[in-house]
Amino acid sequence: AFSGPEDLTAGAGLMFMTLPKVFAQMPLGSVLGTAFFVLVFLAALTSSISLMETIVSILRDKTGWGRNKACIAITIFVLALGIPSSLGHGIWSGIAPLGMSILDFFDFISNSVMMPILAILTCIIVGFIVKPKFIIDEVKSTDGTFKGEKLFTVMIKWVCPIFLIAILICSVLVAMGLFSF
């Protein structure tokens with residue numbers, strides 16, 4: 001109801017265009033909206049710190065740099081990567097890969113393409129290379145039981161990859177406008 005002609009139902013559009021309209025209509029909406037976006041900011045900040053720590057650690061191991069130098073280098077790199085997304089609804093709004101804003105495009109690539117591909121690869125690695133027995137033995141090492149052992153093996157080898165491939169194909173087809181729900 002609050003999306004208007006933009007038809008924003010998910011993603012960055014919902015968060016930054018539709019929700020402010022919702023908060024504007026609520027009693028104490030400015031207070032609740034401010035609190036909500038402060039909490040979103042804190043969630044993003046804490047998540048980015050944990051994600052960056054992995055990259056900083058790898059960079060330190062590979063280069064021998066100290067923590068400060070590695071943190072500064074990674075921060076500059078991440079800020080440079082983030083600039084296009086932040087300008088996508090502003091001065092770079094004319095740039096629309098696949099008909100999407102830059103932020104929506106990167107959101108699509110990371111969530112609708114890369115995540116299913118990585119999940120498929122995880123299923124293949126666990127199901128056929130590492131073998132499910134390794135995971136089953138690890139689960140059994142805690143209390144000696146794993147009630148869903150056979151179901152896990154079938155799911156990780158066959159069911160999950162098939163559904164993940166379907167999710168990937170549908171996501172790409174929807175983004176290209178060749179399919180809709």
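The structure is a predicted model, in which local features need pLDDT of at least 70 and side-chain atom pairs count only at pLDDT 80 or more, whereas totals for chains, interfaces and linings use all residues. Residues are numbered from 1 along each chain as its sequence is written, and side-chain values use heavy atoms, with hydrogens and water left out.

Two packed helices are described by the angle between their axes and the distance between the axes. Helices here are DSSP runs of H or I with at least four residues, as strands are runs of E with at least two, and both are numbered from the N terminus. Axes are lines fitted to C-alpha atoms, for helices over the stretch in contact, and angles run from 0 to 180 degrees between N-to-C directions. Helix H2, residues 29–63, packs against helix H3, residues 67–87, at an angle of about 120°, and their axes are 9 Å apart. The two helices H2 and H3 are therefore oblique to each other, given that angles under 35 degrees count as roughly parallel, over 145 as roughly antiparallel, 65 to 115 as roughly perpendicular and the rest as oblique. H2 passes H3 in a right-handed crossing; a crossing is right-handed if the near helix is turned clockwise from the far one by less than a right angle, and left-handed if anticlockwise. In this pair, Met52, Glu53, Ile55, Val56, Leu59 and Arg60 of H2 meet Arg67, Ala70, Cys71, Ala73, Ile74 and Thr75 of H3, where contact means heavy atoms within 4.5 Å. Sorted by class, the contact of H2 with H3 has 8 nonpolar, 1 polar and 3 charged residues. In this sorting, Ala, Val, Leu, Ile, Met, Phe, Trp, Tyr, Cys and Pro count as nonpolar, Asp, Glu, Lys and Arg as charged, and the others, Gly among them, as polar.

Helix H4 spans residues 102–130, and its axis comes within 9 Å of that of helix H6, residues 149–175, with a crossing at roughly 160°. H4 and H6 are therefore roughly antiparallel to each other, and their crossing is left-handed. The residues of the contact of H4 with H6 divide into 20 nonpolar, 3 polar and 1 charged. Helix H5, residues 132–143, also packs with H6, at an angle of about 140° and with the axes 10 Å apart. This crossing of H5 past H6 is right-handed. Here Pro132, Ile135, Ile136 and Lys140 in H5 meet Glu149, Phe152, Thr153, Ile156 and Lys157 in H6, and by class the contact of H5 with H6 has 5 nonpolar, 1 polar and 3 charged residues.

The loop between H3 and H4 contains Ile91, Leu98 and Ser101. Ser101 counts as buried at 13% relative accessibility, since buried means under 20% relative accessible area, exposed over 50% and partly exposed in between, with a 1.4 Å probe and protein chains only. Leaving aside neighbours within four places in sequence, Ser101 is in contact with Gly88 and His89. Ile91, by contrast, is exposed, with a relative accessible area of 71%. Ile91 and Thr145 are 54 residues apart in sequence and, from C-alpha to C-alpha, 58 Å apart in space.

Most residues other than glycine have a negative phi. Leu98, which is not a glycine, has a positive phi near 55°, and at 47% relative accessibility Leu98 counts as partly exposed. Lys131, in the loop between H4 and H5, has a positive phi of about 85° although it is not a glycine, and Lys131 is partly exposed, with a relative accessible area of 43%.

A disulfide is a covalent bond between the sulfur atoms of two cysteines. A search of the whole structure finds 0 disulfides, a disulfide being a pair of cysteine sulfur atoms within 2.5 Å. The sulfur of Cys160, a partly exposed residue with a relative accessible area of 26%, is 4.9 Å from the closest cysteine sulfur, in Cys123, which is too far for a bond. For Cys170, partly exposed with a relative accessible area of 29%, the closest cysteine sulfur is that of Cys160, at 16 Å, also too far for a bond.
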